[in-house]
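Subject: Handover of a structure

Hello,

Here is the structure I said I would pass on. My notes on what was found in it come after it.

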Amino acid sequence: MQLFIAGLIFTALTLYALRGGLVGRTHLTIVGFDIESLALGGLAVIFAAWFFGPLYGLALVLCVMIHEFGHVAAYRVAGHADARFRLIPLMGGVAISDSMPVSQMKDFFITLLGPGICIAPMVLAFGLSELLYDVQPLASQFLFTFASVTAAINFLNLLPFWPLDGGRCVRILAFAIHPSLAHVITIAMSAGLAAAAVYLQSLILFAFAVMGAQSVMHADTLSRIQYKMTLGQTITAALAYLFTAGAHLAGGWWLISRYIS
């Protein structure tokens with residue numbers, strides 16, 4: 001019951017943080033709905049179910065959709081009414097806007113709210129799973145799986161590797177402290193992801209690292225034209241990043257530890 005109540009509190013805080021961004025100008029109209037988008041979304045679901053099994057596959061796709069919607073909602077709060085997202089088979093998803101954030105604070109907010117929006121459903125699902133354990137065991141099992149997958153995936157996404165969300169958050173914070181430091185850290189984070197890909201023998205991660213390395217110069221250019229964060233904003237942003245990563249680590253630790261032990 002305590003987890004369920006905590007989930008309701010996190011939900012209220014999330015709704016407050018994203019007020020004005022949960023529904024776009026087109027309300028429930030799906031923007032950019034075409035054959036290509038439908039095919040990509042369908043393939044994402046099929047591949048996830050094939051590789052991870054129906055239960056984990058469905059949980060993973062639902063997690064990615066909520067995560068990307070968090071980016072979209074944050075984009076809208078920051079004034080990007082054209083924001084939308086797509087599911088990409090084997091790669092997760094991507095949130096898109098035709099313009100870039102004008103300030104580092106908005107950029108950080110948009111980046112962090114992908115993992116950030118997932119805290120509320122993760123805690124709620126853990127709480128509901130506990131409440132339904134004796135009366136609806138199948139529903140309880142799915143909710144627990146969804147919560148665990150959501151926590152684990154978002155924690156991994158918040159690790160300081162470029163161009164994951166964690167790498168982007170760390171880069172923004174570093175640039176706010178010293179621009180030259182940001183460039184060095186970004187290169188190091190990109191190399192770190194490539195090293196992890198080689199260690200795990202993951203072609204997908206390696207391709208992601210290569211694409212990220214190609215975007216370093218663009219990130220430098222963007223950072224220099226954005227309004228910088230103040231010291232107070234930098235400290236607040238850093239604490240928000242640490243809290244979000246810590247919440248997902250706590251929720252997903254049992255699942256993460258299965259693969260690293």
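Ser140 is buried, with a relative accessible area of 3%; buried means under 20% relative accessible area, exposed over 50%, and partly exposed in between, with a 1.4 Å probe and protein chains only. Ser140 belongs to helix α6, residues 137–157. Helices (H or I, at least four residues) and strands (E, at least two) are DSSP runs, numbered from the N terminus. Neighbours within four places in sequence aside, Ser140 is in contact with Ser129, Leu132 and Tyr133, where contact means heavy atoms within 4.5 Å.

**What you are looking at**

This is a predicted model, in which local features need pLDDT of at least 70 and side-chain atom pairs count only at pLDDT 80 or more, while totals for chains, interfaces and linings use all residues. Residues are numbered from 1 along each chain as its sequence is written, and side-chain values use heavy atoms, with hydrogens and water left out.

The protein has 11 helices and 2 strands. From the N terminus on, the elements run α-α-α-β-β-α-α-α-α-α-α-α-α. Of the 261 residues in the protein, 42% are buried. Among contacts between residues at least 6 apart in sequence, 71% join residues at least 24 apart.

Leu3 is placed in helix α1 and, at 38% relative accessibility, counts as partly exposed. Leaving aside neighbours within four places in sequence, Leu3 is in contact with Val123, Phe126 and Gly127. The C-alpha atoms of Leu3 and Ala125 are separated by 8.8 Å, with the two residues 122 apart along the chain.

A search of the whole structure finds 3 aromatic pairs. Rings of Phe, Tyr and Trp (its six-membered ring) pair if their centres lie within 6.5 Å; planes under 30 degrees apart count as stacked, over 60 as edge-to-face and the rest as tilted. The rings of Phe10 and Phe243 have centres 6.2 Å apart and planes at 35°, so this pair is tilted. Phe10 lies in helix α1 (residues 2–17) and Phe243 in helix α11 (residues 231–260), so the pair ties together parts that are 233 residues apart in sequence. Phe10 is partly exposed at 23% relative accessibility, and Phe243 is partly exposed at 46%. Elsewhere, ring pairs link Phe126, Phe144 and Trp254 into a cluster.

**Charges over rings**

The charged end of Arg19 sits over the ring of Tyr16, 3.9 Å from its centre. Arg168 lies over the face of Trp162, at 4.8 Å from the ring centre. A charge sits over a ring if NZ of Lys or CZ of Arg is within 6 Å of the ring centre and within 35 degrees of the ring normal.

**Salt bridges**

How many salt bridges does the structure hold? There are 2, a salt bridge being a side-chain nitrogen of Lys or Arg within 4 Å of a carboxyl oxygen of Asp or Glu. Asp82 and Arg84 meet through their side chains at 3.6 Å, N to O. The side chains of Asp98 and Arg84 meet at 3.2 Å, N to O. Asp98 lies in the loop between β2 (92–96) and α4, and Arg84 in strand β1 (residues 84–88), so this pair ties together parts that are 14 residues apart in sequence. Asp82 is partly exposed, with a relative accessible area of 24%, and Arg84 is partly exposed, with 24%. Asp98 is exposed, at 63%.

Ser103 also lies in the loop between β2 and α4. Ser103 counts as buried at 13% relative accessibility, and touches Gln226 and Tyr227, not counting residues up to four places away in sequence.

**Helix α4**

In helix α4 (residues 104–117), 11 of the 14 residues are buried, so this helix is largely enclosed by the rest of the structure. Among them are Phe108, Ile110, Leu112 and Leu113. A kink of about 25° lies at Thr111, shortly before the proline Pro115. The bend at a residue is the angle between axes fitted to the seven residues ending there and the seven starting there.

Regards
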